[in-house]
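Take a moment with the sequence and the 3D view below. Then follow the tour, one stop at a time.

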Amino acid sequence: MLRYALYTRKSDERREVTEKSTSEQLAECRALAPGLGTIAREFVESKSAKVPDVRPLFREMIRQIKAGEADAILCWKVDRLARNMKEGGEIAQLLIDGKIKEIRTPHACYRPGDNILPLVLETATSTQYSLDLKINVVRGLSGHFERGGWNARAPQGYRNNRDLVNPKVGTVVADEPRFTLLRKGWDMMLTGAYGPGQVAKMLSEVYGYRTRTTVSRGGTPLSRSYAYKIFTNPFYAGYTWYMGQLRPGVHPAMVTEAEFGRVQEILGMSTVTHAHVREFAYTGLMRCGHCGAQITAELHQVKAAGGTTKPYRFYRCADSKGMCTKRGLSEAKVEAAIERALASVTVEPELCAIAQENLLRSLKGRSEEASVIYAQQNAALADVEGQQSRLVSMWLRGLLTDESQYKAMEAKLAREKRNLLLKTGACRDELERMRANAEAGFRYAEYARQRFLAGDAKRKREIAKVLAAEYTFFGPERRIEIAVKPLLCEVVRYAQSVEQGLRAEEPPPDRPAGNTPTKNTLAESKPAKSGSELRTFEPQKVGPGSFELGQKVGGVLCGRTAETVLGICCVQAPSLALLEALRSEFFPEILGFQSS
Ligand SMILES: [Zn+2]
């Protein structure tokens with residue numbers, strides 16, 4: 001008479017699809033017992049057998065068998081005993097050694113003399129089944145991923161959510177107000193004047209940014225390292241990735257692809273421009289006109305009235321080889337030159353509003369043209385997709401049997417689709433960029449000079465960086481050549497043309513002739529050319545006294561409100577040069593310019 005250890009197991013009581021419950025297993029096994037022998041002990045375990053050494057009752061059964069307290073096993077199926085090779089092997093070895101005299105299930109019986117291959121195979125298949133299950137899970141994940149889903153924890157600015165229709169599907173949604181605050185952070189990065197650490201600091205200290213609170217963490221300021229992760233993470237540009245593959249996601253993008261790319265560029269060159277802690281507003285901005293070296297700055301303390309000292313900042317060629325000059329300009333003089341360049345691209349608020357309204361209306365006309373093109377492109381795309389699915393169904397039905405022909409057609413369609421996607425994307429992005437550039441350009445023309453005069457060193461640097469593509473510094477000649485960005489030049493020219501149109505329609509109130517303020521404005525500058533506008537600005541004294549209306553474009557509109565003029569204003573077509581500038585250049589938004 002054999003003494004049986006009756007072992008039942010169910011991996012998880014909640015899952016009831018494929019496994020019999022332990023009570024059913026018990027009932028079936030007990031029914032076998034009378035014809036076989038006695039049941040020494042019953043084990044009812046509820047644990048997975050995928051991993052070895054995690055089941056206390058299984059261990060106890062093995063101990064009893066080794067101690068001779070039981071000599072056979074009764075179970076519903078061999079895979080109840082083990083689903084990993086280690087414990088499966090242990091059972092098989094005990095059977096070979098004769099410690100286990102019989103393993104009995106309702107459908108099979110193994111004895112020491114038997115071929116134990118079926119037993120080993122059965123546990124092996126169980127192991128394979130565990131692996132299959134894992135692959136199925138991965139496959140499910142990958143399908144979700146193909147559709148643009150994201151299963152992992154959502155990064156800062158986003159939160160995980162459940163799909164309303166199918167709660168089994170996870171979605172990612174914007175986490176306000178963090179989403180908006182982080183967008184501000186991207187704007188700061190786009191100015192090129194800050195590093196991730198500075199942006200993180202400002203978000204935490206000025207805007208009170210705190211990370212999202214979860215059960216175990218959160219509620220803390222943004223760290224520098226996390227900020228760096230954010231500004232290099234393509235998730236924010238609307239992408240997801242899985243096992244090394246990048247896919248367009250379905251979550252809302254925080255930045256456009258172009259903006260993301262621009263920040264990557266800025267981060268790439270950050271080692272050069274953000275390397276030293278900057279006490280000086282304009283270092284790293286200018287190059288020497290004689291030798292091309294960087295312009296560096298020195299801080300001196302000079303005697304002031306009353307026996308005190310005051311700081312004196314001086315800019316000169318770095319002249320590391322001692323071949324150039326050490327003559328330069330004081331910071332006040334550098335600032336005066338920049339301020340004059342700013343004055344030349346400053347447009348009065350009233351005129352700015354009219355010109356911007358004009359330009360946006362004209363762009364809107366273009367966007368209607370573009371939407372027709374866009375619709376055509378979309379139709380072409382749908383056609384290609386239709387062809388693709390027809391090709392697949394022909395292949396599946398066996399109507400097409402030449403594999404190389406199928407592959408070639410498939411590749412051709414994929415190529416067409418990719419080209420069309422790129423085209424529609426470019427078409428959509430371009431208009432969006434033109435509109436954003438127009439708004440940013442006018443905002444700059446309206447506020448930049450004012451903000452520059454009132455700003456701190458950081459703000460001044462930020463504004464100066466946007467003003468020009470290049471600053472060439474001539475120390476001994478005491479002048480700076482400033483290559484003003486084409487977009488700004490064209491925006492000012494456009495404002496001037498709108499102003500002329502207005503003047504032609506309705507003559508302005510009496511004005512003494514020759515008082516039209518054209519000095520220092522672009523009205524008398526060279527005709528438009530491609531690339532930046534290079535002009536020389538001699539430094540002069542800077543201060544509140546030099547802030548006169550006469551220097552601004554559009555003095556003629558003084559005292560009139562935008563509303564009274566808007567009504568009579570016709571749409572002034574933007575010049576080709578302006579359209580080109582709006583299209584080609586990426587003009588970053590200046591943080592805080594929208595709120596005066
Ligand atoms: Zn030099």
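Is isoleucine 103 buried or exposed? Isoleucine 103 is buried, because 24 other C-beta atoms lie within 10 Å. Here a residue is buried if 20 or more other C-beta atoms lie within 10 Å of its own, exposed if 12 or fewer, and partly exposed in between, with C-beta atoms placed from the backbone.

A word on the model and its numbering. This is a predicted model, in which local features need pLDDT of at least 70 and side-chain atom pairs count only at pLDDT 80 or more, while totals for chains, interfaces and linings use all residues. Residues are numbered from 1 along each chain as its sequence is written.

Isoleucine 103 sits in strand 4 (residues 102-104). Leaving out residues up to four places away in sequence, it touches Ile73, Val78, Leu95 and Tyr110. Two residues are in contact if their C-beta atoms, placed from the backbone, lie within 7 Å. Cysteine 75 is 28 residues from isoleucine 103 in sequence, yet their C-alpha atoms are 7.6 Å apart in space.

Now step back to the whole chain. The protein chain has 16 helices and 16 strands. These are DSSP runs, numbered from the N terminus: helices are H or I with at least four residues, strands are E with at least two. The protein chain has 596 residues, and 30% of them count as buried. Take its contacts between residues at least 6 apart in sequence: 70% join residues at least 24 apart.

Next, look at helix 5 (residues 178-190). Helix 5 packs against helix 8 (residues 257-268) at an angle of about 55°, with the axes 9 Å apart. Axes are lines fitted to C-alpha atoms, for helices over the stretch in contact, and angles run from 0 to 180 degrees between N-to-C directions. Helix 5 and helix 8 are therefore oblique to each other. Angles under 35 degrees count as roughly parallel, over 145 as roughly antiparallel, 65 to 115 as roughly perpendicular and the rest as oblique. Trp186, Met189 and Leu190 of helix 5 meet Glu259, Arg262, Val263 and Ile266 of helix 8. By class, this contact has 5 nonpolar, no polar and 2 charged residues. Ala, Val, Leu, Ile, Met, Phe, Trp, Tyr, Cys and Pro count as nonpolar, Asp, Glu, Lys and Arg as charged, and the others, Gly among them, as polar.

Helix 5 also packs against helix 6 (residues 196-205), at an angle of about 145° and with the axes 10 Å apart. Leu181, Gly185, Met188 and Met189 of helix 5 make this contact with Val199, Met202 and Leu203 of helix 6. The contact holds 6 nonpolar, 1 polar and no charged residues.

Move on to helix 10 (residues 331-344). Of its 14 residues, 12 are buried, so helix 10 is largely enclosed by the rest of the structure. Among the buried ones are Lys333, Glu335 and Arg340.

Finally, check the backbone. Most residues other than glycine have a negative phi, and most peptide bonds are trans. A cis peptide bond joins glutamate 176 and proline 177, with omega about 0°. Proline 177 lies in the loop between strand 7 (170-174) and helix 5. Aspartate 53 has a positive phi of about 65°. Aspartate 53 counts as exposed, because it has 10 C-beta neighbours inside 10 Å. Arginine 478 also has a positive phi, near 55°. With 14 other C-beta atoms within 10 Å, arginine 478 is partly exposed.
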